[in-house]
Every structure is written in structure tokens, then in C-alpha cells.
Amino acid sequence: MRLFILLLLLGSTVFLSAQPNCEAYKYFGDELKYKACKAAEKRAGYYQFSRRYQEALDEAIAIDSTFAFAYRAKSTAYLKSGDFLEWKYLMDKAVKFDPTAQLDYRGWCRYQFFRDYQGAIDDIELLDSLVAYDIGHSVNGDYHLHIARALCYKALGEKERAIEIIEGQVQDSTYFVGIYDFLHLGVLYLETEQYEEAMVAFARQEKENDLAELHYYRALVHKATGAPEAYQEELRIAKHLYLEDRKMFDPYVEQMDKVYLSTIEKALAAER
Amino acid sequence: MKQVWPLVFLCLIVGCATEKDKPKYLRWVGDIEADAEIDGDAFQLCYSEARVKQYFNFSQGLQYEGEKSAIDEVFRQNYQAVELPQSGWIRIRFIVNCKGESGRFRLTTSNTEYQAQDFDPKITGQLLSITQSLEGWKPLPDTEDPRDYYQYLTFKIENGTLKEILP
């Protein structure tokens, strides 16, 4: 029975990532964190940018200055407003007090919002060294953290290493393929002139999640391999999908390998 | 004297972001209070301060004529690299009103370790000036019911060279 309650408490904590289960702290005898957690619950119903939301978390931190969750919850508004100073200060606190639970978020955000490639790699690899389980996905669910790590290596010029990481990830039979994984892999093959591999990756991306970007990059493969008609046809498909909003999208940032309409149209115009 | 005024203006904008005597929280994190000394009176909100949104509140991402690539192109053509050993991030945060006009520009700057760091005005001045010249901001969420919203651009600088523009 005790084991059942323990699993229930831990389980609900894992799945309700927006707010820890305060009762779990009580169960484990951490009264201070329980009180801090209950104070943090006062932010419910308030926008994360709002004064009331922030003040509830300040109260939680005043009760227990080691309550990592409160620092992380506070940090999100600063992240989304582009305030790298306050965001990093808060996330460093969160990581200090609970590294295995917070390194994933700090690492991902360093890549997503600030293109801090080396910082993201350091956080993700540190997390991977600290835990025995799968390090999981980005907070928005679009990328496994190893895929994000690979994109950071690509940005730092280590394309072969990036390919190796993505290949290893997508070949794992237990892995659920991400919505952009094969697009990025295909672009990496294209950039390293491995055209056959690029076409295989783009075919897989088309099957998983058909996007304007994959057709644009597939067009570039056709151009590189001397197939002008296929090149133009893929550009036309890319434009069509783009205008249907079937393209890479993140409400906060512009993603790596994203293609813009003007780029597709310029390529089409150049062929006329 | 003519060359001094842009620097004075820039100091006002940067300094405003680090005032010690302002209340801990405004309405929302990242809110920018109007300051006639910095902003003049040309820029006006369409609605009240309490109704200014964030650009991502509309789930449409950054909205600019010609998309983000058009912004990249403007900076590529106009920013001149400054040969100084200064690297880090420079955020310029501002408001776009319901007509697509921008104002209330404020700067936040850090080194590559996310610690506050001033950049040479030859770097920040250029970035501010080019950002203020951008005229393609689109009304959000659409032209039927446009709102005022906060937008920002973050510039990743390596040794005085502009490497990336975010978000």
C-alpha cells in the first residue's frame, strides 16, 4: 500500500509538470517545501507575466529558497520577453537546487531562444551524464534533446557529429520520431553532399510530416544532381504547401532550417 | 555637438532598463513605461496600457512584411561590423501599435555568460537605429481587430560582428 501511494504521488508529479504535487513533499516529510509548494499554488489562474503570478512564486522562494520549481516557473516570463539576464539568473538557481529536473529546460531554452549552442550542449550532456534514463524532449515537445544537441553541433560546424547523433537517435527502436527530425537529417546530408541519403531522409520526413521545407531542400538536391525539371516541380510544391501553412512553425522563435516564402519564390523566379 | 546627441539618447534608453528605484513589478514582466524624455510624443498606443499584448499571444509568431528574412536582410545591408572584442547578446524590446508603428525602444545587454555588459555605442547605436527604421511590422492578430503588442529583437554579437538575429 505504501508503495502504491508512493508511485501515485511520484507519478502525478511527473505528469503534472506545470506544478509539483505538494502532497508528495508532505509525504516525504519535507514540510518547508510543502509550504513553499502551497504558496506557489496561489499563482493558479494568473498569467505567467503578471505581478500576482510572480509574487506567489516570490512568496514560495521566501519560504524555501531551495525550491527549484519556483525559480523555473518565474523564469518563463523573462525567457519569453527575451530578458536573458533575469532568465539565466533564475534558471541557474533552479539548476543549482535540482539539476536533474531542470537541466533539460535550461539547455533547451539556451538553444531555442538564445542560440547559445555550446551552453545548450553543455547542459544536455551534463544531464545525460547524471541520469540513467532517457533525457527526454524539449518543453514544447518538438525535439528530443539529443536532436537539439545535434543541431547545436551543426551550428558549431560539426556536421558529421550532428549526423551521427541524429542517426543514432532515429535508429533507436523505442524512439518516437519527432516532427522535424528527418528534415534536419536530410538537410545535413544535403550540406555534406550525401544526396542519396538526403532523398531517403526527405522521403521519411514526407511520410511523418509533409512540410514546405522538405520540398525546398529536396529541390536543392535535384539541382545539385542535375535534374532541373524535378527541381522546379519541388519548388512549386514547396510554395503550395507554404501557402497552405504546412511549414515549420514555433510561436516564439524562428527554427533552424526554416525556409521563407521569398526564398522559394526567388528560386522559382530565377528558373524562368 | 550634433554627434553627441545620439549617444545621450542611447544612454537614456539603456539606463532606463537598469533603474533601481522602479517598482519590482509592473503590470506584466517586460512592460515598458512611457517616458517622454526618451520616447518623445510621436508614438501612441491605440488602446490602454493594460491592453498591450505580447507578440506570441496571437500564436502567429513574428509578423513582418517579407517575414523574418526581410529583417535579416535589412541588418545584413546596414549593420557595419565593429572591430572590438565584444561578444554577447543585445535585446531591443519595443511596442508595435495597432497601426504597425513601433516605439518605446529599450536595450538590455549581456556578455556570453549572461552577465550584464555594456557594448560600445558604435554597436548598440547601429542596432537601435536600424531597429527603429524597420517599417514592416504587421498588425496583430489581423487588420480587422489589430492590437498593440510587445515585440523584441535579440542580436547575437561575436567580436562586434552580428551573427544572428532572434527570435
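Visitor: How many helices and strands make up the secondary structure of chain A?
Guide: This is a predicted model, in which local features need pLDDT of at least 70, side-chain atom pairs count only at pLDDT 80 or more, and totals for chains, interfaces and linings use all residues. Residues are numbered from 1 along each chain as its sequence is written, while chains are lettered from A and ligands numbered from 1 in the order in which they are written. With helices (H or I, at least four residues) and strands (E, at least two) taken as DSSP runs numbered from the N terminus, the secondary structure of chain A comes to 15 helices and zero strands.

Visitor: What percentage of the residues in chain A is buried?
Guide: Along its principal axes, the C-alpha trace of chain A spans about 70 × 40 × 30 Å. A residue is buried if 20 or more other C-beta atoms, placed from the backbone, lie within 10 Å of its own, exposed if 12 or fewer do, and partly exposed in between. Of the 272 residues in chain A, the buried ones make up 43%.

Visitor: Which helices are included in what covers the buried residues of α11(A)?
Guide: Helix α11 (residues 181-191) of chain A is mostly covered, since 10 of its 11 residues are buried, and among them are A:F182, A:L185 and A:Y189. The cover over these buried residues includes, from chain A, α9 (145-155), α10 (159-170), α12 (195-208) and α13 (212-224).

Visitor: How are α4(A) and α5(A) directed, roughly parallel or roughly antiparallel to each other?
Guide: Their axes, which are lines fitted to C-alpha atoms over the stretch in contact, with angles running from 0 to 180 degrees between N-to-C directions, come within 9 Å and cross at roughly 155°. Angles under 35 degrees count as roughly parallel, over 145 as roughly antiparallel, 65 to 115 as roughly perpendicular and the rest as oblique. The relation of α4(A) and α5(A) is therefore roughly antiparallel.

Visitor: Which helices of chain A each supply at least two residues of the side that touches chain B?
Guide: The contact takes 26 residues from chain A and 27 residues from chain B. On the side of chain A, the helices that each supply at least two residues are α4 (51-63), α5 (68-80), α6 (84-97) and α15 (261-270).

Visitor: Which residues does B:K68 touch, not counting those up to four places away in sequence?
Guide: B:K68 lies in helix α3 (residues 67-78) of chain B, and because it has 19 C-beta neighbours inside 10 Å, it counts as partly exposed. Leaving out residues up to four places away in sequence, B:K68 touches A:E254, A:Y260 and B:L62.

Visitor: In what order do the elements of chain B run?
Guide: Chain B has four helices and five strands, and 32% of its 167 residues count as buried. Read from the N terminus on, its elements run α-α-β-α-β-β-α-β-β.

Visitor: Where is the place of B:P141?
Guide: Most residues other than glycine have a negative phi, and most peptide bonds are trans. The bond from B:L140 to B:P141 is cis, with omega near 5°. The place of B:P141, between α4 (121-133) and β4 (149-158) of chain B, is in the loop.

Visitor: How does B:R104 count, buried or exposed?
Guide: B:R104 is not a glycine, although it has a positive phi of about 60°. Its place is in strand β3 (residues 102-110) of chain B. Because B:R104 has 21 C-beta neighbours inside 10 Å, it counts as buried.

Conventions. Contact = placed C-beta atoms within 7 Å.
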